[in-house]
Amino acid sequence: MSTILRTSRLTKRYGGKTVVSDVNMTIIPGDIYGFLGQNGAGKTTTLRMIMGLIHPSSGEVELFGKPLHGNKGEAMERIGAIIEYPGFYLNLNAADNLEIHRRLMGMGNRESIDDALAAVGLLDAKHQKVKQYSLGMKQRLGIARALLHHPELLILDEPTNGLDPVGMKEMRQLFLELVRKRGITFLISSHLLSEIEQLSNKIGIIHKGRMLEEIDYESLQRKTRHYLDIKVTDEKKAAFILEQKLGTTDYVVAGSGGLRLYEHLDEPDRVSLLLAEGGVGIKEMVLSGDSLEEYFLKLTGGDKFA
Ligand SMILES: Nc1ncnc2c1ncn2[C@@H]1O[C@H](COP(=O)(O)OP(=O)(O)OP(=O)(O)O)[C@@H](O)[C@H]1O
Ligand SMILES: [Mg+2]
């Protein structure tokens, strides 16, 4: 399958300190890739290497199937980004700000400005001075600016930082809309687990410069499902009863007399009664499974995400 981005063993050292270490990440078209990590984990440094703003100490970046090295110009034409806080001329209106940027970068035409403003829901506010914009509007304007040249990949470094919950939700909706309507692929960093969870179809977790895990959302959901952990005298018979009497196939045989039942979590009494009636002895039955947060805590060795 074609990839939008692939990094291999991407590493950055400053002085003697390794701040990004052997990071592998893969993004395919249509992904909303959530790059999750605490403050200082190495998110911005990684994104800067991907954008060619700083050189890796070792490792490679491949964009749209080609090495970044030697193809940077072409790659950047296909990428829009907000890595640093987007600066604007506060005394000018939104449309003029975008026009200045457009001319500086020598791209698109005047219509592309209205198009970009419409995409982020700011068309009605285009004549308003940016100093009157709220933080959320400024963030949107930053995204409009990044959209001007019709990029295929948007790289956004903590785009919802400082926004209130409503602003965050609007931002999430905007991203989903851009994926749906324009087929844009996203790489979004955040230190907020809840935000990444609500938005991303793929999550990369960076901790102290290392990628701890890269996982798609469905696999993560499966890993963080709760279940009844049942220890029985005869697991085959127990499985038969679960299917025939309880009418479920949503269980797995975990071996050595153990079963994990993912349904009927609130009816352990009924489950045990049916098993007992079928002649299966129950040695133990407990509700188990990690919440998403617990799962991440285990990954990081106890360091919390916000
Ligand atoms: N130019 C630099 N020189 C030396 N150290 C640096 C430099 N840039 C970043 N670092 C260090 O690299 C580490 C990772 O920083 P980075 O900004 O990539 O983290 P981050 O995940 O983006 O954090 P935050 O959530 O705070 O933005 C930090 O310890 C930081 O101090
Ligand atoms: Mg950062």
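**Basis.** I worked from a predicted model, in which local features need pLDDT of at least 70, side-chain atom pairs count only at pLDDT 80 or more, and totals for chains, interfaces and linings use all residues. Residues are numbered from 1 along each chain as its sequence is written, chains are lettered from A and ligands numbered from 1 in the order in which they are written, and side-chain values use heavy atoms, with hydrogens and water left out.

**Ligand 1.** I listed the residues around ligand 1 (a heavy atom within 4 Å); among them are Tyr14, Lys17, Asn39, Gly42 and Glu158. I then looked up polar contacts (N or O atoms within 3.5 Å). A polar side-chain atom of Asn39 lies 2.9 Å from a ligand oxygen, and one of Glu158 lies 3.1 Å from a ligand oxygen. Gly42 places a backbone N or O atom 2.9 Å from an oxygen of ligand 1. Taken alone, the ligand exposes 640 Å², of which the protein buries 59% (Shrake-Rupley method, 1.4 Å probe).

**Helix α3.** I noted that α3 (a DSSP run of H or I, at least four residues) covers residues 94-105. I found several buried residues (under 20% relative accessible area, 1.4 Å probe, protein chains only) in α3, including Leu98, His101 and Arg102. Their cover includes α4 (111-119) and α5 (135-147). After α3 comes Gly106, with a positive phi near 60°.

Note on methods:
Polar contact = N/O pair within 3.5 Å; in protein donor to acceptor, adjacent residues only side chain to side chain. Helix = DSSP H or I, 4+ residues; strand = E, 2+ residues; numbered from the N terminus. Expected span 1.5 Å × (residues − 1). Buried < 20%, exposed > 50% of the residue type's maximum accessible area, 1.4 Å probe, protein only. Contact = heavy atoms within 4.5 Å.
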